[in-house]
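Subject: Structure handover

Hello,

Here is the structure I said I would pass on. My notes on two parts of it follow below.

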Amino acid sequence: MANNFFELVNDGFFNPFTNANKRYNYDLLHLINNKMSLDNLQVGKEEIVDWIVDYVDNCPIEMFDDETNEEDFDTRFFAYEKVRYFVKCGWLIEDFEGVRVTYQLDENGIKILSAMEKAVKDDTKSLEFSGYVYNIYNNLYYFNFDHAVDIIEQVYNASKELNSMLRGLNVNIKKFLAKLIRENEAMPKEILETIFFDYQKKVVLKAFKNFREKDNPSRYKLYIEKRIEELLKDNKMDLMISNYIKVKCDDTFSIENSDTARAFFTARLNYISEQFEEIEEYISMLDKRNTKYITTAQSRLNFLLNEETDIEGRIIECLKCIGNADDSFFEDSYFDLYATGNIDEYSLYKPISRKAKPKPEPLVDDFTDDPAEIKKLVDKLFKDNEFSVFKINEFVKWKLENNNQIHAKDIKIKEFDDLLRVFLIQLYSENTTIIYTIKYLDDYYNALGYKMKDYIIERKKI
């Protein structure tokens with residue numbers, strides 16, 4: 001039995017990911033893994049070569065040998081060499097059926113590729129926290145001692161997964177911040193896109209919003225901790241130990257098995273209790289990181305804007321040049337600027353005339369306000385704003401017409417104001433006065449050069 005991962009794989013197992021072709025090698029191994037299925041576990045060399053040739057034909061790349069770094073000009077020869085290289089590194093396993101040689105992907109290679117693919121997906125999709133806290137609460141609330149082992153395992157796994165995702169959120173915020181500071185050549189438009197699209201989608205909307213509104217730990221913390229205290233008491237613990245011995249120990253009671261069961265439940269329940277004891281403090285720390293990122297982004301943006309449009313400095317330079325200009329400059333009238341006698345050398349000695357202070361009007365003490373009139377004026381004021389909740393709600397009504405729902409991608413976007421309305425539809429979706437609800441999707445579409453995430457706008461049921 002192996003005690004180390006490298007006892008399971010070839011010495012050159014990771015070589016495909018350490019040379020200049022690492023990106024192409026990952027794509028090719030991922031392609032081979034996807035092509036091979038339960039119905040197609042073992043394939044011949046020619047079939048794999050055809051897959052690689054088809055990949056190169058559709059995604060032209062510079063073909064270099066992985067070992068000699070020499071350029072290959074024959075696509076098919078390049079494919080044969082790639083198969084040989086993957087066999088040598090231990091990714092492809094050869095099998096002989098008579099005179100026919102077949103290949104299959106190494107078991108550990110499949111696991112590594114799955115982990116790499118998951119990492120890519122997790123980096124591109126938004127973190128979704130909904131369900132974890134409620135799942136823990138619900139399982140403890142409806143605790144069934146006849147399934148104590150299964151329930152504790154589920155709750156423990158959900159708690160670990162939640163911890164992992166919170167750590168991932170922390171890393172995501174740190175990545176955004178590091179990228180913002182590191183990329184000195186980032187333009188204001190790129191920073192705005194990062195703040196309002198990438199960061200909003202990946203961190204704010206799905207992570208903070210859902211975790212604070214739907215699964216806020218403070219709503220369940222006290223009950224979870226109280227329930228764990230009850231389960232750790234002797235009378236409850238004995239029932240759980242009985243189920244553990246039945247499930248894990250073939251219903252064979254012994255002191256050793258009883259101690260193992262007690263340690264099993266105690267360790268997991270204490271882990272969950274400690275997590276909820278510290279989770280609010282951890283979320284507060286994440287909130288500080290989030291504030292730091294937004295503040296840094298704003299400062300960076302202000303710096304770039306001031307640096308690019310130094311209006312005051314340009315005006316001063318213009319005045320200096322005009323001051324050093326001779327009479328011919330004004331006679332030629334380059335931009336309709338003429339010398340006049342309004343300002344002369346004695347101008348600074350002329351006293352400044354003081355403006356008379358306006359007389360205050362007397363206050364009207366007997367004024368009576370009309371609540372109906374005030375409400376009418378307030379409604380009119382906010383309705384005049386084309387991006388108000390009222391206007392966006394009317395916009396959605398107009399787009400829905402007689403339909404119950406519509407996709408965001410089906411809204412025609414002709415100008416940036418339309419793009420802003422599509423963004424505000426999401427922002428106002430939690431308002432109680434609007435007529436619609438939002439369902440987020442994993443699909444994307446392009447509008448005015450921006451990559452947008454699709455969602456469904458659905459009319460509320462009355």
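Nine bridges join strand E5 to strand E6 (residues 450-459), and the two run antiparallel. Within this pairing, Lys439 stands opposite Ile456 in E6. Please keep in mind that this is a predicted model.

E5 and E6 belong to an open sheet of three strands, ordered E4-E6-E5, with antiparallel pairing. The edges are E4 (405-407) and E5 (436-447), each of which pairs on one side only. On average, neighbouring strands in the sheet are turned by 15° against each other, with direction ignored. Helix H15 (residues 416-427) packs on this sheet, where H15 touches E5 and E6. The direction of H15 makes about 55° with that of E6.

The other part is a helix pair. Helix H2 (residues 45-58) and helix H3 (residues 75-89) have axes that come within 9 Å and cross at roughly 125°. Because of that angle, H2 counts as oblique to H3. The crossing of H2 past H3 is right-handed.

As for the residues involved, H2 contributes Lys45, Glu46, Ile48, Val49, Asp50, Ile52, Val53, Val56 and Asp57 to the contact. On the H3 side they meet Thr75, Arg76, Phe78, Ala79, Tyr80, Lys82 and Val83. Sorted by class, the contact between H2 and H3 holds nine nonpolar, one polar and six charged residues.

Regards

Key:
Residues numbered from 1 in each chain as written. Predicted model: local features only at pLDDT ≥ 70, side-chain atom pairs only at ≥ 80, totals over all residues. Heavy atoms only, no water. Axes fitted to C-alpha atoms, helices over the stretch in contact; angles between N-to-C directions. Helix = DSSP H or I, 4+ residues; strand = E, 2+ residues; numbered from the N terminus. Parallel < 35°, antiparallel > 145°, perpendicular 65-115°, else oblique. Left-handed = near helix turned anticlockwise from the far one by under 90°. Contact = heavy atoms within 4.5 Å. Nonpolar A, V, L, I, M, F, W, Y, C, P; charged D, E, K, R; others polar. Pairing = 2+ DSSP bridges.
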